[in-house]
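Hi,

Here is the model I promised to pass on.

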Amino acid sequence: MTCRHFPTAVPALAALFASMGFLAACASSEPTPPPPEPQPQVVEPPPAPEPVDPLLVPPDGRVRVALLVPLTGPAQDAGKALLNAAQLALFDQADDNFELLVEDTWGTPEGARAAANRAVDQGAQLLLGPLFGASAPAVAAVASQHGIQAISFSNNRSVAAPSLFVMGVLPDAQVARVVDYASRQGLQRFAVFAPRTAYGELAVAALTETAEKTGAEVTKIVTYDPAGSDVAAQAQVLADYQVRRADLQQRRAELEAVGDEASKAALKRLEILDTLGPPNFDALLLPAGGSQLLSVAPLLPYYDVDASEIQFLGTSQWQDPAAMAEPSIQGGWFAAPPLASWDAFRLRYAGAYGDPNPPRIAALGYDGTALAAVLANRATSGGASVAAVRVFQPQDLTDPDGFAGVDGIFRFGDDGVVQRGLAVLKVSTQGPELLEEAPTDFDQALF
């Protein structure tokens, strides 16, 4: 192709072409290359947000604690008593910046998990509950996921976890306390008649362990199905009833064979007996309460295991009016939280809610809420900015000096299980009688 040149005599056109970009020495025969493709724009990701410490008091200065209790379902009466007691504790102990979030667990693990999640969504920094050990793992999982702690009202030590403390009055601690007391009173041969339940297993283990520590002997362990028909048969086994009855018959035969006046007098004395000789124990542990205790205890005198000869031992389940009125366990000993503080609480509860006999578990609602309020007050009372304060840290909850409440002194061990100071009481138709005071500090021996 020949290059054509525009005449130099036409400067106006030359200028025009130049301004249009067409002024060139020669037009190329090669195709014009495509423009470069646009490169994708690189967008820098936003910086990761700073992690939020769930234990920091939020900028509004409010400390939020959740109460997770059954307000509907079969256990709603216990749940409402816990709530009532918690409200008393708020009045007594909480500052204006303390907020209690109340959530219904429905008395089920699923309900407890949902209640815990709702509470966390509202900013809860500590969870009080659930009531039942079966629901505790669900709440512990939520607490662990969000970096906070939970305090369960359960008395099952096996549900304790790094994120969940167990606050209930433990059955094994009660057994250890009353057995230690009995041993110090000179009783050295122990038996146990226990239901085949987790509670019964704990009681048997605690009896065995405490007897070993005190140098006592466990001579008889008999269990029964609490829902079955074998209780009477097992009561006979506990009493060695057939053996002792056979011994009586043999003794009568021997005396009849002699036939003298002394033998006849001895036979006369044996007429009122069904068995010969006592059982092979001088103290009997009955770890039962309620209707179960009232169905089991009356069987024992029938098979010649009588509270007038054998010292009966129990747990705080005996601390109710029906047990106090049961003739077969009169004079029995049991371990429980101290009486004085409970009696004072009961009067306050009656004045506030019109119920003079709240369930014993209500004390846990008061003590748990009061503990949370005291720790919140302690954390926020310093001179530092409230928003920079951390509350409910594990080391706060495991303070070795412990706390004092309606149920006496208590503290949490590093394993998350509560330690308590318990009193020893005696069954009486006039109500429980004090045998030995509960300790008032943790320098004294506890069981």
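Let's start with the largest pocket: 32 residues line it, and Ser 316, Gln 317, Gln 319, Arg 360 and Ile 361 are the ones nearest its centre. (A pocket here is an open set of points on a 1 Å grid over the protein atoms alone where a 1.4 Å probe fits, with protein on both sides within 12 Å along at least five of seven lines; lining residues have an atom within 4 Å of a point.) By class, the lining splits into 15 nonpolar, 12 polar and five charged residues. α13 (339-353) and α12 (321-324) are the elements giving two or more residues to that lining, and α13 has the largest share, with four. Helices are DSSP runs of H or I with at least four residues, strands are E runs with at least two, and both are numbered from the N terminus.

Before going on, the caveats: this is a predicted model, with pLDDT of at least 70 needed for local features and 80 or more for side-chain atom pairs, while totals for chains, interfaces and linings use all residues. Numbering runs from 1 along each chain as its sequence is written, and side-chain values use heavy atoms, leaving out hydrogens and water.

Next, helix α4 (residues 136-146): Ala 136, Ala 138, Val 139, Ala 140, Val 142 and Ala 143 are buried, meaning under 20% relative accessible area with a 1.4 Å probe, protein chains only. Their cover includes α3 (109-121) and the strands β1 (63-69), β3 (126-128), β4 (149-152) and β5 (164-166). Just after α4, Gly 147 has a positive phi of about 75°.

Cheers

Definitions and conventions
Buried < 20%, exposed > 50% of the residue type's maximum accessible area, 1.4 Å probe, protein only. Contact = heavy atoms within 4.5 Å. Nonpolar A, V, L, I, M, F, W, Y, C, P; charged D, E, K, R; others polar.
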